[in-house]
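Thanks, everyone. Let me put the model up, and then we will walk through a few places in it.

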Amino acid sequence: MSGWEGFLHGLSVALQPEVLIYCVFGVVLGTFVGVLPGIGAMATISLLLPITYYLSPEAALIMLAGVYYGSQYGGAVASILLRLPGTPQSAVTTLDGYPLAQQGRAGVALFTSMTSSFLGSFFGICVLIVLSGFLSRAATAFGAADYAAMMILGLVAASTIGAKHPAKGLAMVVLGLILGCVGTDVNSGAQRFTFGQAELMDGVNLVALAMGLFGVAEVIANIQVAERTGVPRRIAMRDLLPRREELKRIPFPALRGASLGSFFGALPGTGSTISSFLAYATERRISRHPEKFGNGAVEGVAGPEAANNAAAISAFVPTLTLGIPGDPIMALMLGALVIHGVQPGPLMLEARPDMFWGLIASFGIGNLLLLILNLPLIGIWVSMLRIPFRWLYPAILIFVCLGVYSVRGAPFDIFAVALIGAIGYALSLARFNPALLLLGFVLGPLIETNLRRALLISRGDPMIFLERPISAAFVAAIAALILVSVVQSLRRVRPA
Amino acid sequence: MTISRRAALIGAAVLTFATPALAQDAAWPSKPLHTFVGFPAGSSPDLLARIVTDPLAATLGQPIVIENKPGAGGVIGIQQMLNAKDQDYTFGTTINGPMTTAPRLVPDLGYDVAADVAPVALIATSPLVLVVAADFVADDLAGFVTAAGAEPEVVSYGSVGKGSGAHLTAELFSDRAGVEMLHIPYTSYAEVTTAIIGHEIDSGFMAPSAAMQYVEAGTLKILGITSQVPFDQAPGVPVMAGQAGLPDDFRAELWNAFIAPAGTDEAIINKLNADINVILADPAVQKRLADMGWQVAGGTAAELQQRIVEDTEIWGAVLDRIDAKN
Amino acid sequence: MKRDIPDLAGGAILAAIGLFIVIYAAVHYDMGSVRRMGPGFFPAMLGGVLAVLGLVIAVPAWMRAGQETPIAWKDALAVLVALLVFAAGVERGGLVPVTVATVLIASIAAPDRRLGWRVLLAVVVTLLSVLVFHYGLRMTVPLWPS
């Protein structure tokens, strides 16, 4: 079945009334749980899992997927309005979305994020239709050396985000990499930096880290400040929607982000994290006004949002054809498939086209629904900011606690939130960028295991990184990027 | 003291001992039961627990709340079960690792398997299969052993981490077959299969359900299975025991069991064991477990106890060998 | 005498953390070889890099003036204590009393000194979290102390 035929077939599956109803239910529910900080899709999907037993496998998966990407729309709302990202991807969205909101332009940020998300997913579907066969082979072509080189490229590119103080940005990445070492070492089984706590054996909880670094730190910093300045009481309609020249700054960053997302998403693991950061770094690098980034640049929201939505779509290829889930939520969805006796694997595309293409088609329908649903809601979301902060922040703290607890039912993780929150507040006082810490944390374990794995496989020969064409290409890109930065900084020093 | 009076006294003593158990038997369970699972919702051990506890709740007439406490390969689930302190209403299901190898692999384990955990019933077992790429030089186990024996570490295998079932099984196999293979750890079976297909590594032990689709798709082939008898979910796969120089008693299986904190009322454990054995005899339950790659086991609590002791010994010896190598 | 205190302190602390990591990893974990990197190799290397970066941040900060950075000690304390109370109490104390306590403690930091709104807020937030988490998401946390 060609991609186009497959997609049309998928549409016929996804548009069946009973499937469509579950799709609508999933995206609406997803949006609302996504707005609640910290809870997101994880707890909701766990709860819905037993219910899916009574649905057809297609309806079940489409509903759960709806919760998943619906929660990404909702998560963008929490990130932009309150600086409460639940994932590294939405941490990138806060970089420029939150400054926009503080300038009273939350509506613009939300509009940009929603339209770019839609463009990203639309683009992702088109790529999938044309290249599904190619994408399903890409993952097996990537070896340990290639992954290690690719992730180091992602880190190097992203480190330039904090370009005003490169050392401070780099220090956050390295601190994140170190935090990523906590837990059981895959190769030796050694317990690293766990200090006798069994809860640390699987590493620091990502949601606790994100919530502490961003949410709790932000609450502490804002209790006094928000009361004094606040947000304009009356928000005029024209401030909700982007100005014409801002509208023009959405499509191209979104397209660039979507291309990055479609490619990296197909690589199992953290494709969507890398692509969000790369999209941000790319926009910053090619912009004529890089100084605007971090202070409310529309492109800084459009690129990464399009990238992570495009990546979410192509990520279903390795998830379904190799059974490698990109994150714990994808793993849950694989569990849902297994409940229905559907084993993800190489035969999925041919043996279950209903499932595969129905899901892809439902992405298109669901994203359209989300756009239609969310654009009118922008006014309501923004008016949330009119609630005095002293009413908001205790509620935020409770939702953060319960959200973190819902991940795996460990009170330990709430203690961790408190400690990380204190660290996060200290970092914000000294103007360190916590998004880079999160990036290092996510990529660290992958870089280390792939690096060590590559050297085990090559029996200790480091030339493996240059002998494999894919890895060699990434190594060349890393070298080029470092060279460009060095030349640029030299040029900056000389003319002064 | 006449004989009859003494008999009456003994009888009374027996009664006083027996009465609490009987009284509790009639009243138990009077509230919902909690079952701790050391893996997240939707994972294979979680689904297995639910397949058993759903009918069990119906038999007992009380709901069973599944408490997912994932982490540390299932160890957190047992720790949390032992912390719950709601005696006779707290139980757990666990895979073999936390009951057999965890004391060796996890410092500060926080519990002593023999003293703190009471076995209830073995639910199911899962053998592993040895998988290689479809174009691997050998087509059977003897050929594989010849290839692997040509030179130390010339053949590599993937596992899902140090001390995992896949790692220990491969080391047990190497030991018994007299070969030396290169261990490459991964984090999931899906990654191992991908690496074998991409020719990054040569082989790996994994659950049959993880491999079967790739065999059908023609990218992987299976050389043998670690159970003592052929397995329905891996049709046509030869048993490894007794082949290619392996001893006849060669066996390596993962398992999943229902457990309770030590100190749980004996009568309750016996009742649960009987109820679980009835549930496991149901063909519908057997089919659902088989679809996930599990073979129904059952048996008495004492048999489970023996299995724990035996496996602790077997895998302990393998761990000794691994530690000696490094 | 002007110094950039945030960068100075931040850099110094990072350098100290880096140094600690190097020493801790070297003492506790095997370094291995290039072929078989031990569990200590990666963290020790990273710790070294972090220590150097910390110095790169801290040393120039010694010689330049920085912005004044007020620290919200009281707010930080109230928020952190609230979180700790929730963490300690959630499984044994029950959702309702723990949520009320957490909200009341956290709201101490707010500039509005009155009591009425705090109580109202505690009631509203507790109601919301019980509805969403206990009834909506079926979280297995007891509502009241057992």
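Start with B:Ala72. This residue is buried, because 27 other C-beta atoms lie within 10 Å, and 20 or more is the cut-off for that label. B:Ala72 sits in the loop between E2 and H3 of chain B. Look at its backbone: phi is near 55 degrees, a positive value in a residue other than glycine. Keep in mind that this is a predicted model.

There is another such residue in chain B. B:Asp88 is not a glycine, yet it has a positive phi of about 75 degrees. You will find B:Asp88 in the loop between H3 and strand E3, residues 90–95.

Now an exposed one. B:Asp320 belongs to helix H13 of chain B, residues 301–325. It is exposed, because 11 other C-beta atoms lie within 10 Å, and exposed means 12 or fewer. Note its partner in space. B:Asp320 and B:Arg104 are 216 residues apart in sequence, but 9.7 Å apart from C-alpha to C-alpha.

One more backbone detail in chain B. The peptide bond joining B:Trp28 and B:Pro29 is cis, with omega about -5 degrees. B:Pro29 is in the loop between helix H1 (3–27) and strand E1 (33–37).

How confident is the prediction here? The mean pLDDT of chain B is 87, and 92% of its residues reach 70 or more. The exception to flag is residues 1–24 of chain B, where the pLDDT is below 50. Beyond near neighbours in sequence, that stretch has five contacts in the model.

On to the interfaces. Chain B first, against chain A. Here 41 residues of chain B are in contact with 35 residues of chain A. On the chain B side, strands E2 (64–68) and E7 (182–185) each supply at least two residues, and so do helices H3 (75–83), H9 (189–197) and H10 (208–217). H10(B) gives the most, with five residues. By type, the chain B side divides into 17 nonpolar, 16 polar and eight charged residues.

Next, chain A against chain C. This contact involves 53 residues of chain A and 53 residues of chain C. The largest share of the chain A side, 11 residues, comes from H19(A). Its make-up is 37 nonpolar, seven polar and nine charged residues.

What does C:Val79 touch, leaving aside residues up to four places away in sequence? In chain A, it touches Val216, Val219, Ile220 and Leu397; in chain C, it touches Ala106 and Ala109.

Last stop: H4(A) again, this time with helix H18 of chain A, residues 353–383. The two pack at an angle of about 35 degrees, with their axes 9 Å apart. The crossing is right-handed. On H4(A), the residues that meet H18(A) include A:Ala65, A:Gly66, A:Tyr69, A:Gly70 and A:Tyr73. Across from them, H18(A) contributes residues including A:Gly358, A:Ser362, A:Phe363 and A:Gly366. The residues of this contact divide into 13 nonpolar, six polar and two charged.

That is the tour. Questions, please.

Conventions
Residues are numbered from 1 along each chain as its sequence is written. Chains are lettered from A and ligands numbered from 1 in the order in which they are written. This is a predicted model: local features need pLDDT of at least 70, side-chain atom pairs count only at pLDDT 80 or more; totals for chains, interfaces and linings use all residues. Two residues are in contact if their C-beta atoms, placed from the backbone, lie within 7 Å. Helices (H or I, at least four residues) and strands (E, at least two) are DSSP runs, numbered from the N terminus. Ala, Val, Leu, Ile, Met, Phe, Trp, Tyr, Cys and Pro count as nonpolar, Asp, Glu, Lys and Arg as charged, and the others, Gly among them, as polar. Axes are lines fitted to C-alpha atoms, for helices over the stretch in contact, and angles run from 0 to 180 degrees between N-to-C directions. A crossing is left-handed if the near helix is turned anticlockwise from the far one by less than a right angle, and right-handed if clockwise. pLDDT is the predictor's confidence in each residue, from 0 to 100.
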